[in-house]
Amino acid sequence: MLAELVDIVHFAEAGPVEPDARVDIAFVEGSITTAGELQRIQRVRANSRYLITIGACATAGGIQALRNNANVRDWMAAIYAQSEFIDTLETSTAIAEHVRVDFELWGCPISSQQIVAVIRALLFGVVPLQEQDSLCFECKRQGNVCVLVTGQQACMGPVTKAGCGALCPKFGRACYACYGPKENANPDSLSQRFQGFGLLPDEIAHKFLSINNSAPVFAEAGKKAKENGHD
Amino acid sequence: MTERRDISIKVPVLARVEGEGALDIEVRDGKIEQLNLRIFEPPRLFEKFLEGRSYNEVADIVARICGICPVAYQMSAVHAIEQVFECDPGPWVRDMRRLLYCGEWLESHGLHVHLLALPDYFGFNSVAEMAKQFPDEVRRGLALQGIGNEIIRFFGGRSVHPIGVRVGGFYKAPKAADAAALLQKVQQQLTHAEALLRWSASLDLPDSTQDFVSVATRHAGEYAMNEGRIVSDAGHDLASENFENYFKEHQAPHSTALHCHLDDRPYLVGPLARLNLNHDRLPAAIKSLLHECGIVFPDRNMFHSIIARSVEIYYGLYEATRILENYVVPGLSYVEAIPKAGIGFGCTEAPRGLLWHRYELDAAGRIVQATIVPPTSQNQARIEEDLHNELLAFGLEHDDAALRLRAEMVIRNYDPCISCSTHFLDLRVQRS
């Protein structure tokens with residue numbers, strides 16, 4: 001049992017609260033969006049042998065990073081009567097923008113296998129394997145009918161990291177890239193294909209600017225698509 | 001004569017709630033002068049993220065508001081959008097959405113009862129400690145949570161941020177053989193759920209009755225989940241489009257969750273409120289089981305929320321059984337929605353209570369404006385009122401550790417999902 005090989009030191013939702021303990025592994029979820037978190041992440045880094053981000057927010061800024069190109073103060077004023085009471089930074093940023101990150105677990109949500117695999121690898125003293133294939137590999141291995149080629153749907157599979165189990169294509173729908181960009185993705189080619197399907201520039205931009213909108217490859221592709229719209 | 005000492009308690013993080021919140025209590029001359037449940041979860045701005053997006057992206061985006069109740073967000077959203085499009089997905093989709101919701105109630109209530117709430121009642125700090133003395137009960141609880149996750153996976157591939165829901169229905173209909181296999185697993189859990197219900201009714205829970213208003217949706221023929229009118233035990237009976245005329249959100253300086261009042265008063269949403277208002281809609285077999293266990297609704301003891309969740313766990317399995325027994329694979333698992341401009345409302349019963357959405361769409365089906373009122377922000381004012389009453393009734397002469405535990409138990413009764421409501425409990429008692 002993995003649970004017998006590790007001690008859970010700090011996990012507030014489950015009970016143990018030791019935010020300043022020194023640990024072997026710190027799993028960090030969530031992006032940096034407040035001044036307090038900017039300082040807290042430095043302490044977590046200093047207290048941890050390995051710092052591993054879990055999920056799209058910690059690894060790429062998450063859907064919350066959609067605020068990064070908006071006027072947050074105006075938005076806050078639209079939602080809160082007195083937005084000056086709200087403690088927030090203008091941006092939502094990935095942990096790696098602030099401290100060294102040892103391993104990243106991509107996905108929104110990540111799967112329990114990803115957590116188990118990384119802990120097991122570290123217990124064995126080996127470097128954890130990081131998934132780099134595209135979702136298409138995973139999808140082909142399952143023998144799914146291609147939703148992009150056959151279904152003419154705007155599937156993000158070709159530029160998205162494998163790891164979820166190719167769930168969306170298995171359900172007959174287009175992947176929406178919740179596992180982030182794969183290694184050496186070619187978003188320009190995919191954007192062109194989407195254009196061929198009749199998607200408008202804004203619609204193409206939304207494909208990239210979603211759960212992992214701040215991952216550099218996706219951010220760039222989204223920006224390009226929008227600029228095409230203004231030509 | 002009670003000793004009145006100056007004491008300050010500070011707990012950096014409240015354990016066993018979803019998200020991060022803080023509690024400030026100021027006691028002077030034996031009176032509570034100030035009591036604020038502070039929610040410091042950074043603002044999450046989802047309503048703004050949705051603007052300009054297509055209707056078919058909404059279910060995937062709003063799911064990200066909560067890892068424990070993504071289905072609730074998906075349900076309120078698709079119902080609201082379908083209202084705009086005047087799209088009726090028909091009886092198969094309706095039944096399957098109910099089954100999916102049963103899965104989320106089972107998963108969320110199973111988690112809350114066993115991992116978050118129960119350890120308090122036996123003096124444990126976590127479920128891991130509790131599991132050493134109550135291994136069978138904890139295993140049973142995890143199995144009940146697990147069957148909920150399995151039902152969600154049945155439709156959505158995964159239990160967190162499932163991918164199966166779309167406007168008009170589901171992307172894919174599960175196979176009959178998979179439904180039959182799931183039915184068998186659901187039926188196996190019914191005895192677990194009955195045992196949990198009997199056990200919860202036998203627990204030595206604090207005896208504390210308060211006066212409060214319960215709010216829930218109510219349906220003419222069934223225990224409401226996805227459809228119904230918004231009713232209260234203060235006589236309200238409203239269509240969901242009239243929510244904003246009666247329920248007012250306002251901002252408290254100490255919180256990033258907007259507080260919500262009904263007719264200027266705090267009110268309760270969630271399992272206990274639902275049962276207070278809709279216990280007559282439970283199937284006869286469950287009513288007689290409740291009678292046998294001596295469980296009576298309406299019930300004004302918030303500590304009985306754990307019983308209410310156990311009742312809904314049993315109901316969730318009972319209803320899932322009924323739906324799965326009648327499962328057929330449909331010709332189409334969704335109806336194609338045709339976009340048009342307008343305003344739509346979705347009001348469904350998240351595990352923690354009423355979840356109200358309003359969307360304004362343009363003619364192409366893009367979001368012009370979105371408003372989302374989650375259950376925890378609705379309960380926040382009620383939690384503060386409850387804490388005030390309960391700590392006075394409990395007695396401020398108790399030491400800080402006892403007061404803090406009592407306060408945390410009160411808060412956990414509501415299963416607050418602080419991330420939803422905008423995360424953190426840091427209790428400071430100032431005595432002077």
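Of the 231 residues of chain A, 44% count as buried, a residue being buried if 20 or more other C-beta atoms, placed from the backbone, lie within 10 Å of its own. This is a predicted model, in which local features need pLDDT of at least 70 and side-chain atom pairs count only at pLDDT 80 or more, while totals for chains, interfaces and linings use all residues. Residues are numbered from 1 along each chain as its sequence is written, and chains are lettered from A and ligands numbered from 1 in the order in which they are written.

**Chain A overall**

- Chain A holds nine helices and three strands, where helices (H or I, at least four residues) and strands (E, at least two) are DSSP runs numbered from the N terminus.
- Along the sequence these elements follow the pattern β-α-β-α-α-β-α-α-α-α-α-α.
- The radius of gyration of chain A, taken over C-alpha atoms, is 19 Å, close to the 17 Å that the globule rule gives for 231 residues, so chain A is as compact as a globular protein of that length; the rule is 2.2 Å times the number of residues to the power 0.38.
- The C-alpha trace of chain A spans about 55 × 50 × 25 Å along its principal axes.
- Among the contacts in chain A with a separation of 6 or more, 65% come from residues 24 or more positions apart, a contact requiring C-beta atoms, placed from the backbone, within 7 Å.

**The sheet of chain B**

- In chain B, three strands form an open antiparallel sheet in the order β11-β12-β13, two strands being paired if DSSP finds at least two bridges between them.
- The edge strands, each pairing on one side only, are β11 (342-350) and β13 (367-373) of chain B.
- Neighbouring strands of this sheet are turned by 15° against each other on average, direction ignored.
- Nine bridges join β11(B) to the antiparallel strand β12 (residues 353-361) of chain B, and B:G342 stands opposite B:L361 in β12(B).
- Helix α12 (residues 375-394) of chain B lies across β11, β12 and β13 of chain B and runs at about 130° to β12(B); axes are lines fitted to C-alpha atoms, for helices over the stretch in contact, and angles run from 0 to 180 degrees between N-to-C directions.

**A helix pair in chain B**

- The axes of helix α4 (residues 90-121) and helix α6 (residues 135-156) of chain B come within 8 Å and cross at roughly 150°.
- That angle makes α4(B) roughly antiparallel to α6(B), a term used for angles over 145 degrees.
- The contact residues include B:M96, B:L99 and B:G110 of α4(B) and B:V138, B:G141 and B:F155 of α6(B).

Methods. Contact = placed C-beta atoms within 7 Å. Buried ≥ 20, exposed ≤ 12 C-beta atoms within 10 Å, placed from the backbone. Parallel < 35°, antiparallel > 145°, perpendicular 65-115°, else oblique.
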